[in-house]
Amino acid sequence: METILFLAHPEADGSLAKSALEALAATKQLADSLGAPFSAGLIGENPGPAADVIATSGAVKYYTVTGPGFSQARYVSDAAAAEAVCRASAATIVIAPSTSRWNRVLPGVAHRLGGRADTHVTGIASQDGKPELSRWFYRQRMEGVFSRATRPWVLALEGGIATAWQGAPGTAATEPISVSLPEPRTRVTGFESPASDQQTIRPDAELLFVTGAGWTKKQPDGQVKVAEAGTIILDFLNLSRSSLGSTKSLVDLGGEGQEVLPFLSHMNQVGQTGSTPRHAKGLSTCCHGEEPHTVGWRFIGERRAISLDANCGWSRGKADILYVADAFAVMSKVNELLAK
Ligand SMILES: Cc1cc2nc3c(=O)[nH]c(=O)nc-3n(C[C@H](O)[C@H](O)[C@H](O)COP(=O)(O)OP(=O)(O)OC[C@H]3O[C@@H](n4cnc5c(N)ncnc54)[C@H](O)[C@@H]3O)c2cc1C
């Protein structure tokens with residue numbers, strides 16, 4: 001019989017993130033369908049309160065690794081703690097949310113345990129009493145459903161694939177695991193992140209707003225209007241709170257030293273060699289809609305585009321609605337209406 005372990009780390013305020021509660025729900029569902037027990041492993045400075053939050057989840061045990069050395073994301077401490085909990089629980093299947101912290105250590109933990117890891121898991125189920133998972137391959141073009149015989153099998157679950165676990169809090173009888181760490185060579189001294197109004201990538205936004213190279217091209221009046229383009233785009237982002245995507249051509253221009261939009265980086269690039277974001281709606285502007293770009297729109301629900309070119313890629317079945325119009329004019333008007 002399988003023995004399942006759910007792994008999580010509390011956030012700085014001691015709570016469990018939504019992605020952790022989603023992974024817990026998926027763990028519970030798998031355990032129920034396999035008729036297998038599951039336990040929880042919580043790693044952090046003081047994970048007791050987080051264990052109490054999920055005390056009624058049905059986990060048979062609540063392992064904790066506690067101490068200031070485990071508060072921050074650091075490979076040596078996270079991997080040692082996860083390995084110790086996996087060994088203590090004798091887990092054959094280990095499930096954790098795909099946080100950057102877990103993604104970094106789980107393959108190494110699986111290696112130490114002689115098991116296998118699969119990351120970016122987008123579905124988990126059981127078939128004939130065996131666990132099966134799904135994930136995407138070849139830059140999200142093919143979905144694979146598969147199982148493995150190797151144990152332990154360590155899985156990092158993508159966010160949004162399960163409904164977050166909800167239940168009454170209680171008092172969890174925790175089982176502390178002692179982990180001795182070597183003198184750490186890595187010390188986390190703090191975080192540096194841009195101000196929230198400079199954060200243009202917003203995975204939770206309803207709308208993906210894509211900017212193409214057309215914003216920086218000579219316009220029908222013979223002028224290049226990069227500064228105006230920047231103002232229109234930022235105004236729209238601030239008013240709509242949408243997430244900013246870009247074509248490769250536009251983000252590449254910066255690397256070539258051309259006048260570009262300073263708030264764009266390769267992190268914004270959507271497409272074959274960029275990201276494949278998930279949003280309910282998408283609006284593309286000044287973009288030609290070529291396949292290497294539109295393939296990144298695979299998970300966008302309703303797609304609209306604004307291009308001057310009636311014969312662009314969007315018009316060939318890539319968009320639900322194509323506005324053949326000047327994006328400068330359309331987006332200025334949209335901003336005006338949103339501001340009201
Ligand atoms: C191996 C490979 C991988 C690639 N990977 C990616 C990828 O991951 N992502 C990606 O984006 N691309 C990728 N590309 C590049 C891709 O093929 C295109 O070259 C790129 O997407 C084109 O960007 P664009 O549409 O912004 O620019 P352009 O092709 O220059 O199109 C600009 C468009 O803006 C329109 N326009 C101009 N002014 C206005 C205006 N005022 N109002 C409205 N419309 C206007 C023009 O009519 C034109 O259609 C890849 C290419 C290769 C070969």
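Which loop is Pro 152 found in? Select the stretch between strand 8 (142-146) and strand 9 (153-157), and Pro 152 is there in the loop. (Strands are DSSP E runs of at least two residues, helices are H or I runs of at least four, and both are numbered from the N terminus.) Now show the backbone: a cis peptide bond joins Arg 151 and Pro 152, with omega at about -5 degrees.

Before going on, a word on what you have open. This is a predicted model, where local features need pLDDT of at least 70 and side-chain atom pairs count only at pLDDT 80 or more, while totals for chains, interfaces and linings use all residues. Residues are numbered from 1 along each chain as its sequence is written.

Next, click on Ala 90, in the loop between helix 3 and strand 4 (93-97). Ala 90 isn't a glycine, yet its phi is positive, about 55 degrees. Most residues other than glycine have a negative phi, and most peptide bonds are trans.

Then color helix 3 (residues 75-89) and helix 4 (residues 100-113). They pack at an angle of about 50 degrees, with axes 9 Å apart. (Axes are lines fitted to C-alpha atoms, for helices over the stretch in contact, and angles run from 0 to 180 degrees between N-to-C directions.) Show side chains where they meet: on helix 3, pick among others Tyr 75, Ala 79 and Cys 86; on helix 4, Arg 101, Val 105 and Leu 113 are among the partners. (Contact means C-beta atoms, placed from the backbone, within 7 Å.)

Now jump to helix 5 (residues 226-240) and helix 8, whose axes come within 10 Å and cross at roughly 35 degrees. The contact includes Ile 232 and Phe 236 of helix 5, plus Phe 328 and Met 331 of helix 8. By class, this contact of helix 5 with helix 8 has 8 nonpolar, 3 polar and 2 charged residues. (Ala, Val, Leu, Ile, Met, Phe, Trp, Tyr, Cys and Pro count as nonpolar, Asp, Glu, Lys and Arg as charged, and the others, Gly among them, as polar.)

Last stop: the ligand. Select the 30 residues that surround it; the closest are Gly 212, Gly 214, Thr 247, Gly 271 and His 293. (To be near, a residue needs its C-beta atom, placed from the backbone, within 6 Å.) Elements giving two or more residues to this shell are helix 6 (248-255), helix 7 (291-294), strand 14 (300-307) and helix 8 (327-339). Helix 6 gives the most, with 3 residues. Color the shell by class and you get 11 nonpolar, 14 polar and 5 charged residues.

Technical notes:
Two residues are in contact if their C-beta atoms, placed from the backbone, lie within 7 Å.
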